[in-house]
Amino acid sequence: MNNSYNYLLEHNVKPSMQRMSIMKYLLTHKNHPTADDIYNELSKRMPTLSKTTVYNTLKILSDSKACLALTLDEKNIHYDGDTSLHGHFLCKDCNKIIDIPLNEISLLRNESSEFTVDSVEISFYGYCSNCEKKRI
Ligand SMILES: [Zn+2]
Ligand SMILES: [Zn+2]
């Protein structure tokens, strides 16, 4: 038993070894990895892991809200084990993603009886401090 086992059960995902490994990776790596990043890391330790399994598992995990699937970078989907409400900043130069804390109360005030918010994605674009220095 470990954290990712319980975490998957809480999100109604049947835990398997591979799902647990991928979930654990997302919960311990807050750098918003892509499916390829996760595959490249985990396949070193799990030679039987296939890319298809990683892609399918990430789909299951994001559909069940165990992780976020971020689409701010139009070339790649980035996955986030932190499902609390926060925004993301994407550096247009190095593609680095930085978490931005948000004020939940002012955002959720927009919720009304007319609709139910199922997911929120707030993206900011610009240049990180490193890339900004290089531009001057
Ligand atoms: Zn940058
Ligand atoms: Zn994030």
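Select strands E3 and E4 to begin: they form a hairpin with 5 residues between them. In the turn, Asn95 has a positive phi of about 65°. The model is predicted.

**The hairpin and its sheet**

E5 runs parallel to E3, and 4 bridges join the two. Two pairs can be picked out here: Phe89 has Phe124 in E5 as its bridge partner, and Cys91 is paired in E5 with Gly126.

Now view the three strands together. They make an open sheet in the order E4-E3-E5, with mixed pairing. E4 and E5 are the edge strands; each has a single partner strand, so one side of each has no neighbour in the sheet. From one strand to the next, the twist averages 25°.

**The two domains**

Colour the chain by domain. The assignment gives domain 1 as 3-78 and domain 2 as 84-135. The C-alpha centres of domain 1 and domain 2 are 21 Å apart. Where they touch, 6 residues of domain 1 are in contact with 6 residues of domain 2. On the domain 1 side, the residues touching domain 2 are 2 nonpolar, 3 polar and 1 charged by class.

**Lys65**

Select Lys65, in the loop between helix H4 (51-63) and strand E1 (68-70). Apart from neighbours within four places in sequence, Lys65 is in contact with His11 and Thr83.

**Helices H1 and H2**

Move to helix H1 (residues 3-10) and helix H2 (residues 17-28). Their axes come within 9 Å and cross at roughly 100°. That angle makes H1 roughly perpendicular to H2, because angles of 65 to 115 degrees fall in that class.

Show side chains at the crossing. From H1, select Asn3, Ser4, Tyr5, Tyr7 and Leu8; these meet Arg19, Met20, Met23, Lys24 and Leu27 in H2. The contact of H1 with H2 comprises 6 nonpolar, 2 polar and 2 charged residues.

**Two loop residues with positive phi**

Follow the chain out of H1 to Asn12, in the loop between H1 and H2. Asn12 is not a glycine, yet its phi is positive, near 60°. Asn12 is exposed, because its C-beta has 9 others within 10 Å and the limit for that class is 12 or fewer.

Continue past H2 to His32, which is in the loop between H2 and helix H3 (35-45). His32 is not a glycine either, and has a positive phi of about 55°. How many C-beta neighbours does His32 have inside 10 Å? There are 25, so His32 counts as buried. To end, show Asn12 and His32 together: Asn12 is exposed, whereas His32 is buried.

Key. Residues numbered from 1 in each chain as written. Chains lettered and ligands numbered in written order. Predicted model: local features only at pLDDT ≥ 70, side-chain atom pairs only at ≥ 80, totals over all residues. Axes fitted to C-alpha atoms, helices over the stretch in contact; angles between N-to-C directions. Parallel < 35°, antiparallel > 145°, perpendicular 65-115°, else oblique. Contact = placed C-beta atoms within 7 Å. Nonpolar A, V, L, I, M, F, W, Y, C, P; charged D, E, K, R; others polar. Domains from an automatic or database assignment. Pairing = 2+ DSSP bridges. Buried ≥ 20, exposed ≤ 12 C-beta atoms within 10 Å, placed from the backbone.
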